[in-house]
Amino acid sequence: MDVLELYRKTGALLEGHFLLRSGRHSPRFLQSTTLLQHPLYAEAVGQALAGLFEELSVDFVVGPAMGGVVLAFVTAKALGARALFAEKDGMGGMRVREGLTIHPGERFLAVEDVVTTGASVQQAIRAAEAKGARCVAVGAIVDRSGGRAEFGVPFRALLELDFPTYAPASCPLCQRGIPLEEV
Ligand SMILES: [Zn+2]
C-alpha cells in the first residue's frame, strides 16, 4: 500500500508552514483525520496495519482519542479483536472510560496515526495497563520519529518519514515570511 499517495490523494498531506505540537516548524503535515474520514480508505489502512502484526494474538486494540479511535477500530476489525480508546483524564494523563471492558491479563496492540514523539500513544498504553492489561506491540500509519520512538515492545509502521522540522529561530520558512499555520 502506498500510504503517502493515500494521504496525498485525500488532501491529507498538507504543504506550507506548520507549527507542530512540539513547538517546531515544518513545511509538511499529515492530517490523518482527513484520510480516515473515508471508511473504505480507513479500512484498507486498518487491514494493512493489522498485517504487520499477524503473528501476534491480541484481545484488543487501543488508540488515543480522538485520532486513534477510528484507527483502533479498523485495525481491531481486521485482527478480530475489540476496539478501545483512551481519552484525556483532565489531569494530564489518559484513561479508559467505564464501559470499555478490560480484563486483567489481556494482551493489546496500541495504535496511533502518526508517531512523532510517541507521547500520546504512551499515555494510552498506560491507561490500558492501569486496568491490568499488557501492551505487546505498537503500530502506526506513519513513523515520523526518526527511529527515536521507543516503547519496549515491537513498534512497526506502514511508512517511515523524516520530514524536516526547524526550531522557530532558525526556520527558513519564517525567514521567507511565509504565514505560520497551527495544526
Ligand atoms: Zn517557521
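Colleague: How do the residues lining the second largest pocket divide into nonpolar, polar and charged?
Modeller: This is a predicted model. The lining of its second largest pocket includes L20 and F163, along with R24, R144, R148 and D162. By class, the residues divide into 2 nonpolar, 5 polar and 4 charged.

Colleague: What volume does the second largest pocket have?
Modeller: Among its lining residues are S22, T116, T117, S145 and T165. The volume of this second largest pocket is about 200 Å³.

Colleague: Which element supplies the largest share of the lining of the largest pocket?
Modeller: The largest pocket holds about 740 Å³ of space and is lined by 27 residues. At least two lining residues come from each of β2 (25-30), α2 (32-36), α4, β6 and α5. The largest share, 4 residues, is from β6.

Colleague: Which strands are the edge strands of the open sheet?
Modeller: The open sheet has 6 strands with mixed pairing, in the order β5-β4-β3-β6-β7-β8. An edge strand pairs on one side only, and here these are β5 (94-95) and β8 (155-160).

Colleague: What angle does helix α5 make with β6?
Modeller: Strand β6 (residues 107-115) runs parallel to β3 (residues 60-64), joined by 3 bridges, and F60 stands opposite F108. Helix α4 (residues 67-79) packs on the sheet, its direction at about 165° to that of β3. Helix α5 (residues 119-129) also packs on the sheet, touching β3, β4, β5, β6 and β7, and its direction makes with that of β6 an angle of about 160°.

Key
Residues are numbered from 1 along each chain as its sequence is written. This is a predicted model: local features need pLDDT of at least 70, side-chain atom pairs count only at pLDDT 80 or more; totals for chains, interfaces and linings use all residues. Side-chain values use heavy atoms; hydrogens and water are left out. Two strands pair if DSSP finds at least two bridges between them. Contact means heavy atoms within 4.5 Å. Axes are lines fitted to C-alpha atoms, for helices over the stretch in contact, and angles run from 0 to 180 degrees between N-to-C directions. On a 1 Å grid over the protein atoms alone, a cavity is a set of points where a 1.4 Å probe fits but cannot get out, and a pocket is an open set with protein on both sides within 12 Å along at least five of seven lines; lining residues have an atom within 4 Å of a point. Grid points are joined across faces, edges and corners, and a volume is the space filled by probe spheres set on the points. Ala, Val, Leu, Ile, Met, Phe, Trp, Tyr, Cys and Pro count as nonpolar, Asp, Glu, Lys and Arg as charged, and the others, Gly among them, as polar.
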